[in-house]
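Subject: Structure for you to look at

Hello,

Here is the structure I said I would pass on. Please open it alongside this message; my notes follow below.

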Amino acid sequence: MSWGNRRFRRWLPLSLCILMALVLASCSGTGNDTTTSNAQTAQKVNVFGTAANHPHSLLAFANHTLLLATHYGLFRTTDDGTSWKMVAGGAGQAMEGLMSYSMVSSPVDPQRVYVLAQPTDKSSKGTPGLYTSSDQGQTWQLSISAKKLTPSTLFLAQAGTTSANEVYVYINTLGSHGLLVSQDGGKNFQAAGELPFGSLSSLLALPGEKHVLLAGSSDGLARSEDGGQHWTKLQNTGGVYEMATGGNDGPIYASGDDGVYASQDHGKTFQQVYSAAAINSLSVSSQQPLTLYGKTGTSLYRSTDGGKSWSKLPPLQGNYFNVVAHPGNAGEVYISLSYPVAIYRFDQSSQHWTSLTPKN
C-alpha cells in the first residue's frame, strides 16, 4: 500500500493542535524564509546559537550524556553540560539545515536513538525523515525519507521494546490509520493496526513488555498487547497528551487537561491522582519511581508520592520547555528553556539551579 496516496482531510482535536503547536506549528518549513535566514545569520548568544533558537526534545543518559534536539541543530554533551558539540543539523552534517524533534531512545539499547527531522525553510539541504544513531547520538544516519511515507509531516516517533530496531511513527494526516511500525531500524514500515481514536497525541512502549503499547489522545487512553494490531479503550481518563514511566514494573503516569493519572498494573487501568492543575512534560526517576517532575505554563514542580501532591521548584527566568529527571539521581532534574535555548540542572539537596549553557 502506498502511504503517500492515502490522504485524509480532517480537523485535529484541540488537544492535538495544542501539542503540535508546542513543537511544530511555529517551526514549519513553509514559513517566512527571510525570517529564518535572519535568525541563522544573527549573532550567537551561547553555544546553542542565536536568541531565535528553541528546544524540541531533550534526553538524559546515566553516563553524563545529554542530547538536545532544537530548531537549529542537534547538540550533545558527554560531561553533563560543561561543553556541548553540534552533532547534526550543521553544514556538512546529517540533517543539514533541518530542525530535529520527537527524539527518543530505545528501552532495549540506550545506544540506539531515533529522531525526526524536517526543514526549517525552503533552503534546507538535508532530507526530511526519520534518522537513527547507534552510538548514543555521536553520529546519525537517515533511516527513511519522509516522502517515502507521507507527503506531510511525521508527527511523532516512539522506540519499541521487542528489539532496538523496532520503531513506530505516527502520521497525523492519516488519523486512526496513521500508526506505522518498523522492525529494521526504520528502513521499512508497515501498518501497525487501526487506532481506536481519530488522532494520536502520545505513544508509550512499555519497558520490559514486548508488544505492549499505550496510546493517548484527546479521547483518552487505549492499550494494545500485540504491537498495535488491536486496541482496548481504557476507562476513567479524560484527554491525555503524554505518558511517562521510570522503567520495568514501575508506575505509569499520564497527563492531560484534567490532571495526572497513574497505573500500577502495567497500564491496564488508570486512576486520577491529581486534579488541581494540568501538569505536563512529565518525567519519572528511574531510581525512585514515585518521584516525578513536571511543569505548568509558569512553574516547575516535583512530586515524591506518585503525583498525588506537588511542590514548586525555585523559578527560572525564561520559557520552560523540556523537563527530564536525572537518570542516576532522583533529586536532580534538567530543564530546557527557549528563546534563547538554555539548559539548567536542579539539585534538590541544595535547592539550587546550575546553568549548563556555555557561552561558546
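How many residues does the hairpin use to join β18 to β19? Two. Before going further, please note that this is a predicted model.

**Overall**

The protein chain has 28 strands and two helices. It runs to 360 residues, and 58% of them are buried. Take the contacts with a separation of 6 or more: residues 24 or more positions apart account for 46% of these. The chain exposes about 15,100 Å². Carbon and sulfur atoms supply 48% of that area.

**Around β19**

Strand β18 covers residues 252–256, and five bridges join it to β19. The two run antiparallel. Isoleucine 252 stands opposite serine 263 in β19.

On to the next pairing. Three bridges join β19 to strand β20, residues 271–274. This pair is antiparallel too. Here valine 260 stands opposite tyrosine 274 in β20.

So much for partners; what about cover? β19 spans residues 259–263, and five of its five residues are buried. In a regular strand the side chains alternate between the two faces of the sheet.

**The four-strand sheet**

There is an open sheet of four strands, in the order β9-β10-β11-β12. Its pairing is antiparallel. β9 (156–159) and β12 (190–191) are the edge strands, and each has a single partner strand, so one side of each has no neighbour in the sheet.

β9 pairs with β10 over four bridges, in the antiparallel sense. Across that pair, glutamine 158 stands opposite tyrosine 168 in β10.

Where does asparagine 172 lie? In the loop between β10 (167–170) and β11 (179–182). Is asparagine 172 buried or exposed? Its relative accessibility is 9%, so it counts as buried; the cut-off for that is under 20%. Asparagine 172 is also 8.6 Å from serine 152, C-alpha to C-alpha. In sequence these two residues are 20 apart.

**Cavities**

The structure holds two cavities of 30 Å³ or more.

The largest cavity has about 50 Å³ of space. Its lining consists of Leu206, Pro207, Glu209, Thr245, Gly247, Asn248, Asp249, Gly250, Ile252 and His266. By class, that is three nonpolar, five polar and two charged residues. One of the lining residues, Ile252, is the residue that stands opposite serine 263 in β19.

The second largest cavity has about 30 Å³ of space. The residues lining it are Tyr293, Gly294, Leu300, Tyr301, Leu313, Val323, Val333, Tyr334, Ile335 and Trp353. Nine of these are nonpolar, one is polar and none is charged.

Which strand gives the most to the lining of the second largest cavity? β26, with three residues. β22 (292–295), β23 (300–303) and β26 (332–338) each supply at least two.

**Where to look**

- the β18 to β19 hairpin, with its two joining residues;
- the lining of the largest cavity, including Glu209 and Asp249;
- the lining of the second largest cavity, with no charged residues.

Best wishes

Definitions and conventions: Residues are numbered from 1 along each chain as its sequence is written. This is a predicted model: local features need pLDDT of at least 70, side-chain atom pairs count only at pLDDT 80 or more; totals for chains, interfaces and linings use all residues. Side-chain values use heavy atoms; hydrogens and water are left out. Buried means under 20% relative accessible area, exposed over 50%, partly exposed in between (1.4 Å probe, protein chains only). Two strands pair if DSSP finds at least two bridges between them. Contact means heavy atoms within 4.5 Å. Accessible areas come from the Shrake-Rupley method with a 1.4 Å probe; for residues, only the protein chains shown count as cover. On a 1 Å grid over the protein atoms alone, a cavity is a set of points where a 1.4 Å probe fits but cannot get out, and a pocket is an open set with protein on both sides within 12 Å along at least five of seven lines; lining residues have an atom within 4 Å of a point. Grid points are joined across faces, edges and corners, and a volume is the space filled by probe spheres set on the points. Ala, Val, Leu, Ile, Met, Phe, Trp, Tyr, Cys and Pro count as nonpolar, Asp, Glu, Lys and Arg as charged, and the others, Gly among them, as polar.
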